[in-house]
Amino acid sequence: MASHRRPKQPSRARVTVLTTAAAAAVAISSQAANAAPSEKPSKDEVKAKVDKLYEEAEQATEKYNGAKEKQEKLQKEISTIQDNVARGQEDLNELRDSMGLAAAAQYRTGSIDSSVQLFLSSDPDDYLDKASTMDQLSAQQVESLKKVQEKQRELAQQRAEASEKLKDLASTRTELGKKKKQVQGKLAEAQKLLNTLTAAEKAALAAEEQRASRSAADRVDLGNTGSASGRAMAAFQAAQSQIGKPYVYGATGTASYDCSGLTSWAYAQAGVSIPRTSQAQANAGTHLSMSELKVGDLVIFYSDLHHVGFYAGNGQVLHAPRSGTVVRYESINNMPFQFGVRI
């Protein structure tokens with residue numbers, strides 16, 4: 001016979017817990033549905049972050065430039081040493097050949113000098129020490145052996161020097177690769193931020209920069225400002241001819257430039273060789289206060305000296321600012337001024 005007992009009812013406490021949990025879930029869902037989406041950063045906030053990234057990229061760029069310059073210098077030095085070693089080896093071979101000819105001549109006469117026999121052995125250095133004391137060599141033979149010894153020592157020293165420089169070159173190339181990745185990483189991050197802006201916001205930023213550049217150009221008054229020297233003015237005029245060229249890290253012209261690439265290229269056009277990096281250019285001449293600046297003087301910015309431009313007169317500079325910009329005029333107050341440099 002089937003049981004007709006009533007099913008067990010849930011306790012009042014359990015009903016209360018379930019009801020409370022359900023109500024909480026509904027409330028959370030309602031809050032999530034009604035919550036405002038995270039606010040998109042404003043155009044100015046994006047610009048501030050991008051400017052910071054570009055500054056960090058330029059810091060890495062000048063370190064990249066330094067590593068690249070060191071690499072090129074090492075390559076030239078290694079090439080010179082290797083050329084010297086090759087010539088030295090030829091000289092050594094000639095000395096040995098001359099000694100060999102002497103031995104051959106003595107062999108034909110049936111009287112090979114004991115000194116020549118010992119020289120052709122595996123340890124001529126030891127032989128020379130012994131033979132000199134034994135007075136077994138003629139003055140000419142002693143001189144020839146000394147030349148061989150000197151050439152051998154010279155070649156050994158040059159080979160050791162080349163070996164060290166090759167190690168340094170490998171290390172420099174590794175450093176160069178790291179700096180390049182740092183620059184590229186900062187630029188990619190900046191571009192990612194810029195891509196969050198609308199077309200209208202990007203256009204507005206570009207318009208602001210163009211207005212600032214035109215305003216700076218209008219303030220330049222070369223007629224009322226003397227130049228540091230004829231060559232400084234020639235360098236400045238060379239830089240002026242590049243206005244509008246894009247900034248590209250590591251570039252030295254003439255299609256594009258970075259900050260120190262522009263200044264080093266421009267001074268080269270005036271017949272003056274200055275270092276490649278902004279930090280090295282900072283120590284390439286006499287330091288100046290802002291009030292002492294004249295057109296053509298270099299202007300160094302930031303505490304780590306990672307940016308350089310030309311003083312253009314009336315509180316303006318001509319420089320290659322950063323990625324995404326072109327060679328242009330700007331106010332000297334746009335960046336933290338450190339000092340001027342008169343080449």
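## Contacts and overall make-up

Among contacts between residues at least 6 apart in sequence, 68% join residues at least 24 apart. The model is a predicted one, and the protein in it has nine helices and six strands. Buried residues account for 36% of the 343 residues, while the accessible surface comes to about 19700 Å², with 52% of that area belonging to carbon and sulfur atoms.

## The sheet

The six strands form an open sheet in the order E1-E6-E2-E3-E4-E5, and the pairing is antiparallel. Strand E1 (286-288) and E5 stand at the edges, and because each has a single partner strand, one side of each is left without a neighbour in the sheet. From one strand to the next, the twist averages 40°.

Two helices lie across parts of this sheet. Helix H6 (residues 199-219) lies across E4 and E5 and runs at about 85° to E5, whereas helix H8 (residues 259-269) lies across strand E2 (298-301), E3 and E4, running at about 55° to E3.

## Strand E4 and its two partners

Strand E4 (residues 316-319) has Gln316 and Leu318 pointing one way and Val317 and His319 pointing the other way, with all of these residues buried. In a regular strand the side chains alternate between the two faces of the sheet.

With strand E3 (residues 307-313), E4 pairs in the antiparallel sense over three bridges, and in this pairing Tyr311 stands opposite Val317 in E4. The hairpin of E3 and E4 has two residues between the strands, and Asn314 takes a positive phi near 55° there. Strand E5 (residues 328-331) is joined to E4 by four bridges, the two strands running antiparallel, and Leu318 stands opposite Tyr329 in E5.

In soluble globular proteins, nonpolar side chains tend to be buried together. The largest nonpolar core here has 38 residues, of which Phe236, Tyr267 and Phe310 touch the most other members. Two or more residues of this core come from each of helix H2 (43-108), helix H5 (139-194), helix H7 (230-240), H8, E2, E3 and strand E6 (337-342). The most is given by H7, which supplies six residues.

Apart from this core lies another, made up of nine residues, among them Val299, Phe301, Tyr302 and Val317. Val317 is also the E4 residue that Tyr311 stands opposite, and the side chain of Val317 points the way that His319 does.

Asp297 is placed in the loop between E1 and E2. This residue has a relative accessible area of 0% and is therefore buried, the cut-off for that term being under 20%.

Two polar contacts can be described for the side chain of Asp297. One of its polar atoms lies 2.8 Å from the backbone nitrogen of Lys294, and a polar contact of 2.8 Å joins the side chains of Asp297 and Arg342. Leaving aside residues up to four places away in sequence, Asp297 touches Ala228, Leu288, Glu292, Gly309, Phe310, Tyr311, Val341 and Arg342. Among these neighbours, Phe310 is one of the residues that touch the most other members of the largest nonpolar core, and Tyr311 is the residue that stands opposite Val317 in E4.

Methods. Residues numbered from 1 in each chain as written. Predicted model: local features only at pLDDT ≥ 70, side-chain atom pairs only at ≥ 80, totals over all residues. Heavy atoms only, no water. Buried < 20%, exposed > 50% of the residue type's maximum accessible area, 1.4 Å probe, protein only. Contact = heavy atoms within 4.5 Å. Areas by Shrake-Rupley, 256 points an atom, 1.4 Å probe, with all protein chains shown as cover. Pairing = 2+ DSSP bridges. Axes fitted to C-alpha atoms, helices over the stretch in contact; angles between N-to-C directions. Core = buried A, V, L, I, M, F, W, Y, C linked by side-chain atoms within 4.5 Å. Polar contact = N/O pair within 3.5 Å; in protein donor to acceptor, adjacent residues only side chain to side chain.
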